[in-house]
Amino acid sequence: MGKHIETALIHGAIREGYADKKGAVNPPIYLSSTFHQESIDDFGEYDYARSGNPTRAALEKCIAELEGAQFGYAFASGIAAVTAPLMTLSQGDHIVITEDVYGGTYRLVTKLLPRYGITHTFVDCSDLAAVEAAIQPNTKVLFIETPSNPTLKITDIRGIVAIAKKHNLKTFLDNTFMTPLHQRTIEMGVDVVIHSATKFLSGHSDIIAGVIATNDPQLAEDIYFIQNSCGTALGVQDCYTLIQNIKTMGVRFEAETKSAQILAEFLHNHPKVEHVYYPGLPTHEGYDIHHSQSTSAGAVLSFRLKDYAAAKAFAEATEIPVFAVSLGGVESILSYPPKMSHAAMEPEARAQRGITDGLLRMSVGLENIDDLVADFAQALEKVDA
Ligand SMILES: *Cc1c(COP(=O)(O)O)cnc(C)c1O
């Protein structure tokens, strides 16, 4: 029987728990770095926990099931999950990557990969012709993120996959903002889907984690090889936390998205807000494409105030959201991309991507929406017109 993803969220990881026949509803936390072997010739399924651990295996199975993929992997952070598939490349290879990529991915691609001879071209991936024009004879991967961070720019996933297939390239997609619930990227032909599980998957601002899913057996083998060779797998207690938190992701995300829509409309109609970036507003660039490939507008929005002074006055006047990096928590998180998520980016690179000094990003949590709107209204009063 084909099950809905909400059901997989709850049950995806626990079968591993049943496997030991004790009937535990939650998978045991196997705090064991090594595993006893019964015979000198015949080793069991697990030998050393860097290479594999039953709790991590339960989570990885769950991730694969959620993404509708054969293979899933859990990493010590989202950026470790971004790094692993890129490490499958070799010296001399090239990637085409979306220009408004997550700040940490930008740092990895611009500062670290070039040392190993892996080069890149940044492209505005909402322009498919520009993507195709950036492909070189040594290009191996198209790396996209949609909606992007922090201006929620939309990339046509099917369009990118078609270009990749035509040129025999792989598509890697960072799906952190939409979750496997609302953007079925593997089904659209993406080769590797990546999440910072620190965000919506875990959802409580508690752990740092990353996950990957793929249907490509060769990529899966290579990614596992890198996870084991670099030792970047997720620790077992965090695996357990993530398994538990994934169960409520469906209801969390739905409620947060509903509130985000209301808050976005409030900001959109406010005279002191210059622009709102949110895929739930019909005025948002790429609105139609986004809704053709995703079943939600998500819970993250950005908005532009006049300048730095306005952003500062607003951020310091709000009372409900935490003012912090990160997103996807049950508590609303207000952040200032120029000094937070995108601090690793040079000022010129930020300006080119629309990350202006008045830009704020809001990840809407589970607080009462009337309270959030009232808080934003009073904070906007403190902003000079
Ligand atoms: C946070 C984030 C990352 C990095 O994840 P960490 O868990 O912080 O390492 C990657 N991509 C996106 C879109 C993110 O928001």
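1. From which domains does the lining of the largest pocket draw at least three residues each? Domain 1 (5–246) and domain 2 (249–381) each meet that count. Note that this is a predicted model.

2. The largest pocket holds about 470 Å³ of space. Its lining numbers 26 residues. Nearest the centre lie I79, Y102, G104, S196 and K199. Start there when viewing the site.

3. α4 (78–86) and α5 (103–112) each give at least two residues to the lining of the largest pocket. The largest share, four residues, belongs to α5.

4. Next, the second largest pocket. Its volume is about 310 Å³. The lining has 23 residues, and those closest to the centre are T151, K153, I154, H284 and E285.

5. Which strand provides the largest share of the lining of the second largest pocket? Strand β8 (residues 275–277) does, with three residues. By class, this lining comprises nine nonpolar, eight polar and six charged residues.

6. The second largest pocket also takes lining residues from domain 1 (5–246) and domain 2 (249–381), at least three from each. For the largest pocket, the lining likewise draws at least three residues from each of these domains.

Notes:
Residues numbered from 1 in each chain as written. Predicted model: local features only at pLDDT ≥ 70, side-chain atom pairs only at ≥ 80, totals over all residues. Heavy atoms only, no water. 1 Å grid on protein atoms, 1.4 Å probe; cavity = no way out; pocket = protein on both sides within 12 Å on 5 of 7 lines; lining within 4 Å. Points joined across faces, edges and corners; volume = space filled by probe spheres on them. Domains from an automatic or database assignment. Nonpolar A, V, L, I, M, F, W, Y, C, P; charged D, E, K, R; others polar.
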